[in-house]
Amino acid sequence: MKRATPFIVGLALAGLLAAGAFALQMTLQSPTAGDTLAVRVITRLEQIRSVRSDESLSWLKSVKAICTSHETNERVLLSDGRRLLVAGTRVWLTGGLWRRPLLVAAEADLAGCPQLLADKLNARLLAGKQVIEAPIRINGRRAYRLRVSNQPPIIELIVSPATLMPLAIRFSSRRLSGHSRLLSVALSRT
Amino acid sequence: MIERAAARAGPLEFSRRVVRTRQGAVILDGRRRILVWWLVSRVLVLASAAAIQIEGFRKWHPSFLAHPFVVLGMWDGRWYRTIAERGYLLIPARGSDPAFFPLYPVIERVAHTVGLPYVLSGVLVANVGFVIGLLALYELGREFLPEPDARRAVVYLAVFPFGFVFSMAYPEGVVLPLVVFAGLFALRGRWFVCAMCAAAATLARPEAILLVLPLAAVAVRGWPKLDTWSRSRAVAAVLAGPAALISFSAYLGWTLNEPLAWSKAEHAWGRSFALTGVYRAVAQLLTAPKDHNQWIYRDVVFCAGYLLMLLVALRARVPRSWILAGAGMVLLPLTSGTFTSEGRFGLLALPVFWGMAVLGRRVWINRVVLALSPVLLAAAVFTIPQRFP
């Protein structure tokens, strides 16, 4: 027992040090409820494989869109035959009639591409900006409203409080405004 | 007067006093030289950083007066700032801040409360920590090597080309004095202060946990002469690093409900630790040109240099426990699968600089190092906007 005493006491002292170190770390801020919710939404978005949506943008004819996630990019097929390629937060028109880049970017945002939304939400979180806006009602039901974009245009993602699945997207810039209803969302097989 | 002093003290005691006085003068002179080299090297780094910002880089031209030394706050400095401002947040499958240890953001946060902007407070803390670390390293080096070698090692560290990191808003400037003081206080039997330094160092950078090796070696060597209470404190000092690591895990569990958040965040950053990581690190070198990752070769060169200097230090009879700790600091990161940032990781492998100092006994080597290093140090600052250290 006498031989073990230095080790027992030493272990206890190390424990005290650990407690002191823990207390020091407690001086750091804890994540806000809004940030925690945003992380959960990003996690949910990462699980989505494809999204079908019904987009409506300013004076343009409504289009339906299907966004499918692949390993390194996302592909959007619009009902007017145009195709978009999304990599990170960048968008390219890869097929169909030419449209102005601002319109193409807005259509990609409204298509509900999960990785695009997750990347933008992540960037906003890292910039330390507020993500959660005031809740709204959709079809009489309460929903969370998240500000996704870090800088103009304003992009808002509406999600279900119960499942955090995306329900709708709103887009607003100086020249354009629009919204989309996300009709169906397919999750990846885990 | 001297004859009267000699007559009073006796010839042997008088000789001892003369030797001590001369040694004191040598040490004081050594400290002065170290301070000069620290000042010269930091002026070079800060002036280069200011020049980059005033000249402007890419499309960004932040005003130097409004955002001083923003270059030195780039890369990981941004993550430490985020933690200091908002705490930790684990974002699954994406690079997030639990990969960065908490002590440095805590210190930045405290410095910020006195009104300093985060970048400036980070840079200030790093530079002040660096000069304290250099002076302490001189004391520690003299325990293992002759005074000229110990002084040379510190000067070489001050002007080392990768040493610009010690002026960035990175934790290395804080970890250096903590690591050195842990070793110094262990040798002087001040175990509780040693324990606090070891714990604090690990709370700033995980590789400081390797202090377990030299601290355990000192404790084992001195064990027969220690009383029970001193032995207890020695054990606490050896366990301090692991205890700090456990406290970080406990904190992440408390704040994020994920005690392994650090490991998950590292994984998202592309670093997953496994024995096969060394193979992946070497394989990465073959595909680096195709992946436009030529900067990796910079870290390979530094890694090779560090290992060579560790061998030189081993031959110079620097304690093996310190050599092992240094080797661990250089080699263990390779198990994450990449050589990335090896140049920075090796800065805390103290025996590397003792090995360099031994080589520098040759006058021509010393002159080449002192002529080239400051130039390379200033030039290296200009690489910051292009590549993280």
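At 0% relative accessibility, B:Tyr138 counts as buried, because buried means under 20% relative accessible area, with exposed over 50% and partly exposed in between (1.4 Å probe, protein chains only). Before going on, bear in mind that this is a predicted model, in which local features need pLDDT of at least 70, side-chain atom pairs count only at pLDDT 80 or more, and totals for chains, interfaces and linings use all residues. Residues are numbered from 1 along each chain as its sequence is written, chains are lettered from A and ligands numbered from 1 in the order in which they are written, and side-chain values use heavy atoms, leaving out hydrogens and water.

Back to the tyrosine. B:Tyr138 sits in helix α5 of chain B; helices here are DSSP runs (H or I, at least four residues), as are strands (E, at least two), numbered from the N terminus. Leaving aside residues up to four places away in sequence, B:Tyr138 touches B:Val26, B:Ile27, B:Gly30, B:Arg31, B:Ile34, B:Glu147, B:Ala150, B:Arg151 and B:Val154, where contact means heavy atoms within 4.5 Å. Take B:Arg31 from that list: B:Arg31 and B:Tyr138 are 107 residues apart in sequence, yet their C-alpha atoms are 7.9 Å apart.

Now for the cores. A nonpolar core is a set of buried Ala, Val, Leu, Ile, Met, Phe, Trp, Tyr and Cys residues joined through side-chain atoms within 4.5 Å. The largest one has 158 residues, and B:Phe164, B:Trp322, B:Leu350 and B:Trp354 touch the most other members. Helix α5 of chain B (residues 118–144) gives the most to this core, with 12 residues. Apart from it lies another core, of 12 residues, including A:Leu78 and A:Cys113. As for B:Trp322, its contacts beyond four places in sequence include B:Leu140, B:Phe144, B:Leu350 and B:Trp354.

How do the helices pack? Two packed helices are described by the angle between their axes and the distance between the axes. Axes are lines fitted to C-alpha atoms, for helices over the stretch in contact, and angles run from 0 to 180 degrees between N-to-C directions. On the α1(A) side the contact is made by A:Leu13, A:Leu17, A:Ala21, A:Leu24 and A:Gln25, and on the α8(B) side by B:Phe192, B:Ala195, B:Met196 and B:Leu203.

Helix α8(B) also packs on helix α9 of chain B (residues 212–222), at about 165° with the axes 12 Å apart. That makes α8(B) roughly antiparallel to α9(B). Here B:Trp191, B:Cys194 and B:Ala198 of α8(B) meet B:Leu215, B:Val218 and B:Ala219 of α9(B).

Finally, a look at some loops. B:Lys225, in the loop between α9 and α10 (228–256) of chain B, is exposed, with a relative accessible area of 78%. B:Phe69, in the loop between α2 (11–55) and α3 (76–86) of chain B, is buried at 17%. Most residues other than glycine have a negative phi, but B:Phe69 has a positive one, near 55°.

Conventions
Angles under 35 degrees count as roughly parallel, over 145 as roughly antiparallel, 65 to 115 as roughly perpendicular and the rest as oblique.
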